[in-house]
Amino acid sequence: MILVYSVGMDLAAIPSPVELIELPATQIALAELVLLAVAGGLLGAFVVLRRLAFFSHAVGTATFPGLVVADATGFSATVAGLCVAVGYAGGVERASHTGRAPGDTATGLLLVAALAGGIILASDVFESGAAVDRLLFGTAIGLDGGDLALSGVAALLAVAGTVLLGRAWTAGGFDSVSAPLLGVPARRADLLLLLLVALSAVAALPAVGALLVTSIFVVPAAVARLFTRDMRGLLLWSMAVAAAQGTLGLYLSIWLDVPPGPAVAVLGAGVYALCATGIGARSRLPGEEAA
Amino acid sequence: MAPPPAVAAHDLSLGYGAGPALEGVHFEAAAGTTLCVLGPNGGGKTTLFRALIGDLRPLAGEVRVAGRPAYLAQTERTRLDFPVSALDVALMGSLASGRWWLPPRRAERHAALAALERVGLAAQAGTLFGELSGGQRRRAMLARALTQDAAVLLLDEPFAGVDPASAELMTAVFDELRSEGRTLLVSTHDVESARSFDLVLCLNGLQVAFGAPGESLGREVLEATYGSDLVILEEPPERPVRAITVQHHEH
């Protein structure tokens with residue numbers, strides 16, 4: 001299956017930014033991406049620091065076959081996505097404490113299997129057709145109050161988790177051996193982090209799709225990491241970058257008539273590449289220190 | 001009735017899957033005791049520490065440590081790329097107060113700053129941990145142990161790779177901790193420094209000796225502990241043998 005998007009570059013058709021807050025559909029999409037920025041920005045900071053970027057990518061992609069089945073059978077996509085994501089997160093956490101953590105190879109195989117399985121289900125079993133690109137890359141105009149409510153819950157839990165567990169996540173990530181000696185329930189805190197990432201990934205599915213949820217978690221925190229030197233700054237900048245990336249990405253998606261997932265992901269990756277290149281060039285100048 | 005020991009190992013056997021790496025370990029250290037763990041590379045010192053902190057399950061026997069010990073690891077297992085300052089690291093010790101879900105209180109902040117001052121890092125409180133020198137990083141980790149306020153401190157090769165200035169500061173802090181009545185287990189290669197401890201435990205794949213330095217640091221015990229790595233400097237009559245060790249690193 002080849003997915004082709006017609007990218008119109010007619011400059012006269014550039015939409016006014018006001019359209020983002022005038023149309024009900026884009027209002028919901030904007031609110032959705034801002035709520036996801038809170039969840040993705042906060043949790044993304046720990047995802048990047050704890051080297052869970054591949055996990056966050058895998059947990060989103062792993063939901064794809066489940067979403068295809070749910071879409072074709074009329075079952076709740078949210079419940080199907082949550083079951084797969086939470087199950088995967090629980091399995092990873094359990095394996096990591098029995099010395100059988102799934103390495104990059106196993107995670108890569110899972111990604112291939114999830115994508116291939118989902119495509120086979122969509123094309124040969126359920127004949128999902130146009131629904132596939134929505135499941136993979138999200139939609140800006142098909143969001144509803146339910147999607148908004150789930151993202152709101154994810155944002156609230158991310159804030160609560162960061163406030164209550166932020167010190168435990170930081171101490172456990174910084175020195176995993178000594179954290180339990182400090183009385184930190186490191187294992188339970190790690191499990192909660194994975195579950196919150198899984199829940200937020202499911203909340204992000206309608207807007208950015210199964211394939212690109214990582215753009216919400218990894219890219220903003222990776223950009224913020226380039227400029228910040230403390231946890232508080234990292235968390236705040238990560239949220240700010242995620243919100244700006246989501247807003248601009250939505251605008252681009254409306255302008256270019258593409259799904260919001262790719263617009264947000266490409267924009268974020270471009271910003272990261274520019275910032276990293278700029279900082280790298282600056283650090284090579286005589287007398288300048290690397291950030 | 002005698003109080004329970006602060007640290008104890010009973011008929012302990014430890015390993016990593018292919019047979020025991022350390023066996024026959026049996027000792028007790030009362031509260032307020034300083035115990036030196038002596039042995040060559042690969043002799044089982046770090047293996048013993050891993051069992052004491054609960055990171056390695058014994059193949060046989062048991063270990064007991066009173067309360068939650070503070071631990072200074074031999075090899076740096078910390079993440080140098082974390083955006084945490086020396087003060088943040090020292091503050092992590094306050095998590096042991098049991099309020100890990102709340103932000104640090106002012107008193108805990110003061111305690112962390114005092115700990116940094118004690119290890120000579122007050123001026124580097126705001127410096128990123130990853131930007132400190134190796135010796136400074138060890139001192140920051142020691143500051144975390146001080147903030148933790150643990151009754152038992154497990155210090156695995158605390159002077160390994162540390163510059164002389166840092167080593168001097170750390171020695172002064174250990175002396176203070178000793179005078180405060182805390183229990184210290186310190187592993188080292190330095191035979192001569194071991195004589196200043198209350199007890200010495202000699203390991204070389206098994207427990208070679210355990211007891212006061214006067215009993216445990218004779219020529220026979222040292223030769224059994226270090227083999228060909230031992231160099232006898234002096235063996236005066238009626239006085240302890242003076243010796244150094246030559247360490248062969250396989251990496």
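In this predicted model, chain A has an average pLDDT of 83, and 88% of its residues score at least 70.

**The interface between chain A and chain B**

The size of an interface is often given as the accessible area lost when the parts come together. For chain A and chain B, the area buried between them is about 2600 Å², and carbon and sulfur atoms account for 62% of this area. Three residues, A:Arg167, A:Phe174 and A:Leu181, provide 34% of the area that chain A buries against chain B, which is more than any other three residues provide. Counted by residues, the contact involves 26 from chain A and 30 from chain B.

Which side chains meet in a salt bridge at 3.1 Å, N to O? They are those of B:Glu131 and A:Arg229. In total, three salt bridges are counted between chain A and chain B. Polar contacts are also found across this interface, where 11 residue pairs qualify, both residues of each pair having a pLDDT of 80 or more.

On the side of chain A that touches chain B, helices α8 (145-174) and α12 (231-256) of chain A each contribute at least two residues. The greatest contribution to this side comes from α8(A), with nine residues. Sorted by class, the side of chain A that touches chain B consists of 15 nonpolar, seven charged and four polar residues.

**A residue of chain B**

In chain B, strand β1 (residues 7-15) contains B:His10. Is B:His10 buried or exposed? The relative accessibility of B:His10 is 16%, and B:His10 therefore counts as buried, since buried means under 20% relative accessible area.

Which residues is B:His10 in contact with, leaving aside its neighbours within four places in sequence? They are B:Val25, B:His26, B:Phe27 and B:Glu28, together with B:Gly61, B:Glu62 and B:Arg64.

Conventions. Residues numbered from 1 in each chain as written. Chains lettered and ligands numbered in written order. Heavy atoms only, no water. Contact = heavy atoms within 4.5 Å. Buried area = accessible area lost by both parts, 1.4 Å probe. Salt bridge = Lys/Arg side-chain N within 4 Å of Asp/Glu carboxyl O. Polar contact = N/O pair within 3.5 Å; in protein donor to acceptor, adjacent residues only side chain to side chain. Helix = DSSP H or I, 4+ residues; strand = E, 2+ residues; numbered from the N terminus. Nonpolar A, V, L, I, M, F, W, Y, C, P; charged D, E, K, R; others polar. Buried < 20%, exposed > 50% of the residue type's maximum accessible area, 1.4 Å probe, protein only. pLDDT = per-residue confidence, 0-100.
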